[in-house]
Amino acid sequence: MSELDRRRALDRRPVLDRRQALRLLAAFGAGGVAASGLSACSTGSRSPAVESRSPIKVGLVAPRSGINKMIGDELINGFQLYLALHDDTLGGRRVILVTADEGGTAESGRAAVEKLIKQDRVTILTGIAGSATMDAVREVVESSQIPLIGSNASPTTLQGVRYIWRTSYVDDEPAKALGRYVSDKMRGGGVVALIAPADQSGRDAIEGFRATFGRSVGSEPVYTPVSSAPGSDFQPYLESIRRSNATAVFAFYSGGQAVEFVKQYRLFGVGQDLYAPAFLTEGVLLRDEGDNARGIYTSVNYSPDAANEANRRFATAYQKTYNAIPTTYAVAAYDAGLVLDMAIGAAGGGEPSPQAINLAMGTLGSIDSPRGSWQFNQNRTPLQTWYLRQVRPDGGVLANVVLTELTTLG
């Protein structure tokens with residue numbers, strides 16, 4: 001066991017069931033963990049030292065409309081919450097936050113990043129929901145030497161970068177976390193049907209699942225058309241799966257497409273157990289999917305029930321501020337604020353340059369995150385724990401309930 005694994009084992013704390021966690025959060029909320037943090041967000045509460053330093057300009061890129069608007073909302077909420085709880089400062093400097101709409105295409109995402117760099121002259125970038133956008137902005141970011149702390153998209157094609165860090169995961173890891181579990185559950189044999197959009201994220205998910213399943217899944221992947229609208233027709237694909245000899249289904253969908261997929265999965269009578277990365281039932285999607293989502297298994301790197309002090313503070317504040325349970329998207333964006341806070345502070349006195357902040361990112365070590373402690377690996381993504389959960393009744397409502405720990409990846 002490595003030193004990091006030993007430290008992670010010592011740091012790992014038990015996971016509360018959902019009802020215990022919500023009662024705990026309600027108690028903290030009444031006492032005002034969030035209220036006390038958020039009420040401090042005024043210029044007058046900052047120290048003279050903070051006021052005397054020049055502010056730092058941060059560009060936040062996220063979709064504001066379309067099928068990924070839900071993801072964009074969570075990325076914005078998580079990052080803004082970190083700022084609110086830290087007096088709108090990072091590394092002891094006031095923050096000027098400039099937001100830009102990523103849109104629904106790689107081209108619109110690249111245009112947003114170029115505007116933030118060339119016109120708004122930001123020192124740091126964060127956000128990015130779409131893998132196609134991340135691929136499209138790679139050269140812009142690397143050539144400008146402006147650090148990008150991505151809080152969602154991280155395609156497997158993103159290798160050898162110097163100025164792009166991610167606080168989320170590599171796109172194939174949620175599927176990798178499930179592959180071995182499903183394989184073990186199907187020791188007696190069987191076929192897994194694989195279905196995902198025909199884009200980089202979909203291909204990453206399918207290949208990630210195959211990599212850890214450890215043997216042939218017994219069927220060829222089905223890739224569905226990529227759509228920028230929520231009204232996708234999955235009927236022919238689902239009818240084919242229903243009539244097949246598959247004993248389980250692995251799927252990758254997010255945003256508006258996830259809701260349509262889950263509803264149609266039940267509508268067309270597909271009876272096989274369904275496994276997917278968390279995005280299929282995450283956040284407000286589960287509310288929209290309703291009883292159609294019952295029984296779905298997903299992998300996730302964060303549970304709002306995690307019993308650690310960082311999560312109590314974050315989840316309480318998030319619930320109080322947005323009247324919602326935080327998601328994996330929100331915690332990754334919150335952690336983007338956390339690592340920037342640490343890196344800017346470590347970059348030294350004077351006015352820290354983008355290059356100095358980027359160098360400091362590589363020295364951060366363990367991150368005390370709401371998801372549990374993690375640290376950047378050589379590929380500038382987190383080494384972190386993954387969990388299995390299932391949609392089931394909990395306290396009278398359907399919820400994503402954590403069942404067990406799956407693995408550590410990164």
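**Briefing: cores, salt bridges and a capped helix**

Of the 410 residues in the protein chain, 55% are buried (buried is under 20% relative accessible area, exposed is over 50%, partly exposed is in between; 1.4 Å probe, protein chains only). This is a predicted model: local features need pLDDT of at least 70, side-chain atom pairs count only at pLDDT 80 or more, and totals for chains, interfaces and linings use all residues. Residues are numbered from 1 along each chain as its sequence is written, and side-chain values use heavy atoms, with hydrogens and water left out.

**Overall fold**

- The protein chain has 15 helices and 14 strands (DSSP runs numbered from the N terminus: helices are H or I with at least four residues, strands are E with at least two).
- Take the contacts (heavy atoms within 4.5 Å) between residues at least 6 apart in sequence: 70% of them join residues at least 24 apart.

**Nonpolar cores**

- In soluble globular proteins, nonpolar side chains tend to be buried together.
- Here the largest nonpolar core has 91 residues (a core is a set of buried Ala, Val, Leu, Ile, Met, Phe, Trp, Tyr and Cys residues joined through side-chain atoms within 4.5 Å).
- Phe79, Leu90, Val192, Phe209, Phe250, Phe261 and Leu280 have the most contacts inside this core.
- Helix α14 (residues 328-346) gives the most to this core, with 11 residues.
- Another core, of 21 residues, lies apart from it; Val61, Val98, Ile117 and Tyr163 are among its members.
- Beyond its neighbours within four places in sequence, Phe209 contacts residues including Val192, Leu194, Val217 and Phe250. Lys176 is also among its partners.

**Salt bridges**

- The model holds 14 salt bridges (a side-chain nitrogen of Lys or Arg within 4 Å of a carboxyl oxygen of Asp or Glu).
- Arg371 pairs with Asp335, with the closest N and O atoms 2.8 Å apart. This pair links distant parts of the chain, 36 residues apart: Arg371 is in the loop between α15 (354-361) and β12 (375-376), and Asp335 is in helix α14. Both Arg371 and Asp335 are buried.
- Asp172 and Lys176 form a salt bridge at 3.4 Å, N to O. Asp172 counts as buried because its relative accessibility is 12%. Lys176, at 27%, counts as partly exposed.
- Arg287 bridges to Asp288, with the closest N and O atoms 3.2 Å apart. Arg287 has 62% relative accessibility, so Arg287 counts as exposed. Asp288 is partly exposed, at 36%.
- A network of salt bridges links Glu207, Arg210 and Glu220.

**A buried charge without a partner**

- Glu173 sits in helix α8 (residues 173-185).
- Glu173 is buried but has no salt bridge. Lys176 is the nearest side chain of opposite charge, 6.2 Å away (Lys and Arg count as positive, Asp and Glu as negative; His and the chain ends are not counted).
- Leaving out residues up to four places away in sequence, Glu173 touches Gln384, Trp386, Leu409 and Gly410.

**Helix α13 and its ends**

- Helix α13 (residues 309-322) has 14 residues, and its end C-alpha atoms are 20 Å apart.
- Asn308 caps the N-terminal end of α13, with a side-chain oxygen 3.2 Å from the backbone nitrogen of Ala310.
- Just after α13, Asn323 takes a positive phi of about 55 degrees.

Key: Expected span 1.5 Å × (residues − 1). Polar contact = N/O pair within 3.5 Å; in protein donor to acceptor, adjacent residues only side chain to side chain.
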